[in-house]
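Take them one at a time and keep the 3D view handy.

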Amino acid sequence: MARLSASAFTSHIPAIGAAIDNGKTAEDYWKPVFSGYEFAKKWVAEQKPDVVILVYNDHASAFDSNLIPTFALGIGEEFQPADEGWGPRPVPNVEGHPQLASHLAQSVIQDEFDLTVFNTLNVDHGLTVPLSLMFGQPDAWPCKVIPLAVNVVLYPPPSGKRCYALGKALRRAVDSFDEDLNVQIWGTGGMSHQLQGPRAGLINKKFDMDFLDRLVKDPESLSQVPHIDYVRYAGSEGIELVMWLIARGAMDEEVEEKHRFYHVPASNTAVGHLILENNPA
Amino acid sequence: MALDKPYLDVPGTTIFDADMARKGFHLNQYCMSLMKAENRERFKSGERAYLDEWPMTEAQKEAVLIRDYNLMMKLGGNIYFLAKIFSCDGISFQVAASTMTGLTVDEYKEMMVTGGRSPEGNLYKSDMTEEGNNG
Ligand SMILES: [Fe+2]
């Protein structure tokens, strides 16, 4: 049977991708950011996930204003890095897991989550930066990846409550997949940041700390936080954090916190990172 | 009954909701066209003529020409779409963000490395001046 073993959470700031791609990770500005991911690299190499369900959002790269699915799951064989206006990132193509992905789609739709599914989609920094942070710069990504794209560009994104419940439905779906697979789920985006308007640059460390604590220990109450609180306290783009609740929802109620990292700033954004494991009874 | 929009009293912030998206549809789709190198070239070699190919309002076109990102957002632009314009100009997200705040690029960078803009005084419209609260 497939087993959902662990989750990783991380910001997916494009400037981090650019720093990796341009060999700037050892510069004074970037060093503290990347040192926060040393643990994750070792950890994921030991864990050897077969498949990662990667929750992220597209930033007007593959989806424009014509088509805006709230939840879209990638069931294709392969996904290419998107050209976001300055050429695609020099990273490997992302290999999907069509069997598990189709199983997830069919299961959660029958579980009342009316997902969109896609076969071909170019994936932007939201998906590829977390892969780079966790795996470095290999010639091929060491696992299959099932993209789950969440709309957080057009307001309103799905509620925290809905995201958390979708996570639970995904978990039920993973648990019912017959093949022996080590599956992880990653939640990406955030933490507090605002990229627009006279209030651009907002960072709210207190909000972020509270979010991390409750994500680990009390996700149920965290999932009740309304959109306006994210917008007001964590910035208009901080609302990406609802995506972390999908990954958390797929985990056991009690989890073991293996690693936590927080740093301000990377470009305009607070960097947050967590690793949680399910403990098999 | 009108939708509840509690975010309207968040200062210095434009929420890209369904009404804004409708207003900004053509502006945002024009931005998307800049994802293609040949379109970027055509835009750069004649901005006004390129904009005239799109059914945007005159106010939207003028906001693009003077690169007033706050105004573009007021007219329905979304930051992730507008990013295609400043990328085309070779400007980073951080530099573009600074232009929206009334800070110089260096002041903005300094604010970020010292922990970012504090939430204090920046949570409700009554807290903040039109130009923002950069203190
Ligand atoms: Fe993002």
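1. Start with α7(A) and α10(A), where α7(A) passes α10(A) in a right-handed crossing. Keep in mind that this is a predicted model. Helix α7 covers residues 205-217 of chain A and helix α10 covers residues 242-249 of chain A; their axes come within 10 Å and cross at roughly 20°. Angles under 35 degrees count as roughly parallel, and therefore α7(A) and α10(A) are roughly parallel to each other.

2. Who does the touching in that pair? On the α7(A) side the contact uses A:Phe211, A:Leu212, A:Leu215 and A:Val216, while α10(A) brings A:Trp244, A:Leu245 and A:Arg248. Sorted by class, the contact of α7(A) with α10(A) has six nonpolar residues, no polar ones and one charged one.

3. Helix α1 (residues 14-21) and helix α5 (residues 125-135) of chain A have axes that come within 9 Å and cross at roughly 50°. That angle makes α1(A) oblique to α5(A). As for handedness, α1(A) passes α5(A) in a left-handed crossing.

4. The residues behind this second contact are A:Pro14, A:Ile16, A:Gly17 and A:Ile20 from α1(A), together with A:His125, A:Val129, A:Ser132 and A:Leu133 from α5(A). By class, the contact of α1(A) with α5(A) divides into five nonpolar, three polar and no charged residues.

5. Look out for two cis peptide bonds in chain A. One joins A:Tyr155 and A:Pro156, with omega about 0°; A:Pro156 sits in the loop between β7 (144-150) and α6 (160-175) of chain A. Another joins A:Gly190 and A:Met191, with omega about -5°. You'll find A:Met191 in the loop between β8 (182-188) and α7 of chain A.

6. A:Lys48 deserves a glance at its backbone: phi is positive, about 45°, although the residue is not a glycine. It is placed in the loop between α3 (38-47) and β2 (51-56) of chain A. Is A:Lys48 buried or exposed? Its relative accessibility is 59%, so A:Lys48 counts as exposed, the cut-off for exposed being over 50%.

7. On to chain B. The C-alpha trace of chain B spans about 45 × 45 × 20 Å along its principal axes.

8. Take the contacts in chain B with a separation of 6 or more: residues 24 or more positions apart account for 47% of them. The chain exposes about 6700 Å², and carbon and sulfur atoms supply 55% of that.

9. Within chain B, pick out B:Lys61, which lies in helix α4 (residues 58-65). With a relative accessible area of 9%, B:Lys61 is buried. What is B:Lys61 in contact with, leaving aside its neighbours within four places in sequence? The partners are B:Arg48, B:Leu51, B:Asp52, B:Trp54 and B:Met56.

10. Finally, check B:Arg67, whose phi is near 55°, a positive value in a residue other than glycine. B:Arg67 belongs to the loop between α4 and α5 (69-74) of chain B.

Key. Residues numbered from 1 in each chain as written. Chains lettered and ligands numbered in written order. Predicted model: local features only at pLDDT ≥ 70, side-chain atom pairs only at ≥ 80, totals over all residues. Heavy atoms only, no water. Axes fitted to C-alpha atoms, helices over the stretch in contact; angles between N-to-C directions. Helix = DSSP H or I, 4+ residues; strand = E, 2+ residues; numbered from the N terminus. Parallel < 35°, antiparallel > 145°, perpendicular 65-115°, else oblique. Left-handed = near helix turned anticlockwise from the far one by under 90°. Contact = heavy atoms within 4.5 Å. Nonpolar A, V, L, I, M, F, W, Y, C, P; charged D, E, K, R; others polar. Areas by Shrake-Rupley, 256 points an atom, 1.4 Å probe, with all protein chains shown as cover. Buried < 20%, exposed > 50% of the residue type's maximum accessible area, 1.4 Å probe, protein only.
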